[in-house]
Each structure stands twice: as C-alpha cells, then as structure tokens.
Amino acid sequence: VSPDYADQTRVFDDLGRGVLENAFKGYNCSLFAYGQTGSGKSYSMVGYGANKGIVPTTCDELFKAMNSNKGNHPMKYEVTFSMLEIYNEQVRDLLTRTNPKGGLPVRQNPKLGLFYVPDVKKVAVGSYVEIEKRIEEGTMNRTVASTNMNATSSRAHTVVTITFSQIGKNDAGQETKKTSVINLVDLAGSERADSTGATGDRLKEGANINKSLSALGNVISALADLSAGKKKAIVPYRDSILTKLLQNALGGNSKTVMIAALSPADINYSETLSTLRYADRAKKIKTRAVVNENPLHKLIRELRAENERLKSRMGGVPVAAGMSEEEKSKMKRKMEEEIRAQLEANMHMLGDMSTSWDEKLKNNRDESAAGQAEAQKMERLKETEPHLVNLNEDPLLSGVVVHILKKGKTTVGRKGASSNPDLPFTGLNIEAEHAVIGVSGKEVTLKSCQNANTSINGSPLVGERALCHLDRLLFGSGHMYVFKNPKSRSTQKKSSSSSS
C-alpha cells in the first residue's frame with residue numbers, strides 16, 4: 001500500500017478523533033463532507049461494508065470510551081440519536097415511516113436565535129449495536145420514502161445528530177449536566193447539469209441541491225468576511241433549510257471540521273477547483289465554542305420560569321402604533337404562533353427531563369423489538385405468499401417496497417381516489433381505478449381497467465391475464481414491480497426435476 005494512501009482508520013484518527021475528544025469536554029461538534037457527486041463523501045462519512053466511515057466509527061468509539069471511563073469516574077452517560085434528510089428543500093425524519101406532506105416544519109428558538117426541527121424523533125440508545133440498527137432503519141425508511149414518491153434517485157443531504165450528556169457532581173456537590181451535540185452531515189454532491197445530462201425531475205432535484213449548496217457557500221463567504229474583520233457582512237442563513245440547520249455548526253457554538261472530497265479525473269477539473277475554493281473560504285471562519293455545562297435543577301427552574309413568561313405574553317401581544325386592524329391581527333397571530341411553538345418546545349424539554357433515562361431506553365428497545373418482529377413476519381410471508389417487489393433504475397431503491405397479495409381481489413389505483421385502492425400509487429398515468437390483481441389458490445391474475453396504462457414484460461396488457469413467477473409489471477409510467485409467487489416456483493421446480 002502506498003504511504004500516500006489514507007485508509008478509513010487514518011481518516012478517523014485525523015478528523016473524527018478530535019470530534020470525539022471535544023464531545024467529552026462538553027463542546028458542540030460538527031463534521032460535514034462537501035464535494036461533487038462520486039468524489040467519495042459518503043464513503044468517508046458512512047463507509048462501505050467492512051470499511052466503516054466516520055459516522056459508525058465515531059459512534060463505536062464513543063461507547064468504547066464511555067465503558068472504559070465508567071470504572072474511573074462516577075459519571076452517568078446518556079446518548080440520543082436522530083437522523084433526518086433534506087430532499088428538495090423538505091425535511092424528512094428517517095426514523096419514522098410516515099412524514100407530513102411538505103416535510104417537517106423548521107422553527108427558530110427566539111431565545112437562542114437558532115433553528116431546529118421540533119418534531120424530529122430522538123431515540124435513546126445504550127450501545128453501538130442499537131445505533132447501527134437505527135442507521136439501517138433510517139437508510140431503509142429513506143429508500144422506501146424515495147420510491148413511494150416515485151423518485152429516480154436517493155440523493156439528499158443527510159444529517160445524523162448524536163446528543164451526548166454526562167451527568168455528575170461538581171466540586172460544590174451539585175448535580176451538573178454537560179451536553180454535547182454532535183452533527184455529522186453527509187451533503188449531496190454538487191454537479192453540473194450539462195455534464196450529467198439530467199432532465200425532468202432529476203434536473204429539478206439537482207437544481208434544489210445546487211441551490212442549497214450555493215446558499216451554504218454564501219453563508220461560508222459571509223462568515224469568512226466577518227472573521228476577517230468586515231463589519232457589514234450579513235449572513236444569509238434563511239436562504240435554505242440546510243443553512244438554517246447548520247447555523248450553529250458554521251457560525252455559532254461549535255467546533256467544526258469540513259472534509260473536501262476531490263475527484264482525480266481531469267474532466268472534473270472545474271468542480272475540483274470550486275471545491276478547493278469552498279474549503280479555502282471555510283478555513284477562514286472562526287467559531288466560538290463554549291462548554292455546555294449547567295446544574296440540572298437550574299435548567300429545570302429556568303425552563304419553568306420561561307414558560308410562565310411566555311404564558312403571560314400570550315395575553316397581551318404588543319402592537320406598533322399606526323398599523324391597520326388587519327396588520328395588527330396578522331402580527332398578533334404570527335407572534336402568538338411563535339410563542340405557542342416555543343411554549344410547546346419548552347414543555348417537551350421539561351417532559352423529557354422528568355422521564356427517567358432507563359424508562360426512555362426501555363421504551364425505545366421495546367419499539368425496536370416490535371419493528372424486528374414485524375420484519376421477520378414479512379420475511380416469512382414472502383416465503384409462502386405471492387407478492388410484488390419494486391424495481392428502480394437506482395440500485396439503492398430496488399427491492400425495498402414489498403406488497404403481499406391477499407386472497408381474493410387487490411385493487412390498484414391513484415392515491416386519494418374515492419375508490420380507496422388497496423395499493424395506492426402516485427405519478428404519471430396512474431388512473432383512479434387502474435388494475436385488479438386476483439389470487440385464487442396457486443393462480444394469480446392481473447386485469448387492467450379501461451384506459452389504464454399497464455404492461456407485463458414490456459407488452460401492454462388488455463383485459464385479464466395469468467401471471468407467472470418473475471413477471472415484470474409496469475403500472476402507469478414509473479411504478480415497476482417484479483411478481484414473485486413461491487407456490488408457483490415450487491411447482492416449477494418439481495416439474496423441471498420430474499422432466500429431467
């Protein structure tokens with residue numbers, strides 16, 4: 001191996017190790033990778049197979065350090081894990097299967113001025129194995145959601161947040177809580193539309209990714225100017241969802257590391273130069289990180305006091321003189337919404353503090369066990385019942401959506417149609433009543449409804465036809481499935497063995 005080659009262990013020792021050490025000291029830490037598509041960002045951050053990247057290695061080393069410290073210090077450790085993605089300027093929680101239309105809301109904490117996602121799921125974890133399972137769950141939910149949205153690519157910004165708390169006693173005997181928020185961000189690749197040949201939805205997806213990365217570049221430039229002493233630089237955090245969520249990491253209370261991933265190919269010369277300029281600007285930024293340590297009782301007391309202040313403000317929202325009644329009511333409504341959102345966030349934090357850590361850990365382990373039992377049940381059904389498995393041009397999105405076909409009739413149609421189909425699809429050329437799949441014993445048939453665009457193995461379907469094991473079915477213009485029938489497969493095996 002060449003001495004110039006940096007394996008995953010060296011990358012972690014050079015970059016991830018410092019993040020981990022700062023987390024134990026109580027600093028907020030952030031690490032994000034930037035570069036064009038295919039330059040190795042996801043490989044460095046997540047890894048592949050046995051070559052684990054920074055995210056899994058950091059999680060593994062965190063728990064190893066916690067276990068080795070337990071004997072030396074009477075310290076209690078708490079770790080929570082969350083995983084979200086920003087796709088087409090919408091936030092999706094990857095630890096839940098269903099997300100609201102338009103994505104999760106992003107709110108601003110009026111006290112700290114920072115943006116956050118109030119409804120994101122935070123899971124208590126007690127070991128690296130549990131985090132590994134949650135990362136797998138998040139990756140699966142991401143691909144399923146992308147497929148259901150009829151996306152042709154799984155490209156998005158992924159943000160993994162680990163909240164690491166150390167609870168112990170200070171010299172005065174007070175119980176204190178030292179909290180570090182670790183943000184590990186895998187940005188989607190920047191790319192030029194003319195070099196990728198992107199059109200349609202892929203072009204729109206790329207435009208949104210490039211828009212958020214441009215906004216990130218503008219924020220980095222403005223912060224570099226401020227660090228250089230320019231007084232009038234305005235930092236445009238509000239220009240994209242990505243820059244809102246990275247506000248603290250870039251210009252606030254955080255120790256931040258940026259990985260610039262480069263492609264060695266000469267065809268990518270201009271993108272490589274752009275990435276290096278990006279990194280050069282980022283190096284000039286100076287953040288102000290402080291240790292996040294507070295007595296626990298003080299935190300609870302401050303939250304309760306702030307709740308009382310917010311409740312009193314709800315009654316009389318101040319309005320400026322000379323405003324029309326419509327403007328007054330609009331301003332009042334907006335301020336009431338902000339106060340209510342902050343009140344809800346504070347109540348959630350208080351509830352979180354009042355629930356014991358062991359209870360949170362038990363609830364999340366029970367939930368994880370229920371999810372595993374459901375997955376095992378699905379695997380058993382796939383071995384005995386006829387079913388459909390999705391196909392996609394992106395290999396990451398193939399084989400992740402499975403529909404078990406019930407006995408009798410299964411209707412296929414447009415999502416939200418009055419007929420309430422058993423398999424609701426969205427996208428081009430999906431009719432309200434599209435097709436009917438019939439299961440009777442070992443025989444499975446597919447009937448296309450009038451004017452519906454349905455194909456079997458590339459041939460348009462008219463009327464009704466019996467399905468064979470491994471037939472490829474296309475509903476509308478984008479929903480491709482392979483039909484699998486374990487009963488038919490076993491019969492085929494018997495017949496082939498008897499003929500031989």
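Author: We can start with the whole chain and then go through particular contacts.

Reader: Fine. What kind of model is it, and what pLDDT does the protein chain average?

Author: This is a predicted model. The protein chain averages a pLDDT of 80. At least 70 is reached by 81% of the residues.

Reader: Where does pLDDT stay under 50?

Author: Residues 193–198 are one such stretch. The model gives them four contacts beyond four places in sequence. Residues 491–500 are also below 50, with two contacts beyond near neighbours in sequence. Where pLDDT is low, the predicted coordinates should not be read in detail.

Reader: Noted. How many helices and strands?

Author: The chain has 13 helices and 23 strands. Of its 500 residues, 42% count as buried.

Reader: Salt bridges next. How many?

Author: The count is 17. One of them joins R17 to D13, with the closest N and O atoms 3.1 Å apart.

Reader: Why are R17 and D13 separated by about one helical turn?

Author: Because they sit four residues apart in helix 1, residues 8–25. R17 is partly exposed at 29% relative accessible area. D13 is partly exposed too, at 37%.

Reader: Which salt bridge links distant parts of the chain?

Author: E132 with K52 is one, at 3.9 Å from N to O. E132 lies in helix 4 (residues 128–148) and K52 in strand 3 (residues 51–52), 80 residues apart. E132 has 29% relative accessible area, so it counts as partly exposed. K52 is partly exposed as well, at 35%.

Reader: What does D366 pair with?

Author: D366 forms a salt bridge with K362, the closest N and O atoms being 3.0 Å apart. Both lie in helix 12 (residues 357–384), four residues apart, about one turn. D366 is partly exposed at 42%, while K362 is exposed at 51%.

Reader: Switching to rings. How many aromatic pairs?

Author: Seven aromatic pairs. F425 and F475 form a tilted one, 5.8 Å centre to centre, with 45° between the planes. F425 is in strand 16 (residues 423–425) and F475 in strand 22 (residues 472–475), so the pair links parts of the chain 50 residues apart.

Reader: Buried or exposed, those two?

Author: F425 and F475 are both buried.

Reader: Which residues do ring pairs link into a cluster?

Author: F24, Y77 and F164.

Reader: I also had my eye on K211. What does it touch?

Author: Not counting residues up to four places away in sequence, K211 touches E89 and D239. K211 lies in helix 6, residues 200–227. Its C-alpha atom is 7.9 Å from that of S240, 29 residues away along the chain. K211 counts as partly exposed, at 44% relative accessibility.

Reader: Last one. Which residues make the nonpolar surface patch of about 370 Å²?

Author: L262, Y269, L273 and L276 make that patch. Y269 is in helix 9, residues 269–283.

Reader: Why does Y269 count as exposed?

Author: Because its relative accessible area is 56%, and exposed means over 50%.

Key: Residues numbered from 1 in each chain as written. Predicted model: local features only at pLDDT ≥ 70, side-chain atom pairs only at ≥ 80, totals over all residues. Heavy atoms only, no water. Patch = residues over 30% accessible without salt bridge, like charges linked within 9 Å, V, L, I, M, F, W, Y side chains within 5 Å. Areas by Shrake-Rupley, 256 points an atom, 1.4 Å probe, with all protein chains shown as cover. Salt bridge = Lys/Arg side-chain N within 4 Å of Asp/Glu carboxyl O. Helix = DSSP H or I, 4+ residues; strand = E, 2+ residues; numbered from the N terminus. Buried < 20%, exposed > 50% of the residue type's maximum accessible area, 1.4 Å probe, protein only. pLDDT = per-residue confidence, 0-100. Contact = heavy atoms within 4.5 Å. Phe/Tyr/Trp six-rings, centres within 6.5 Å; stacked < 30°, edge-to-face > 60°.
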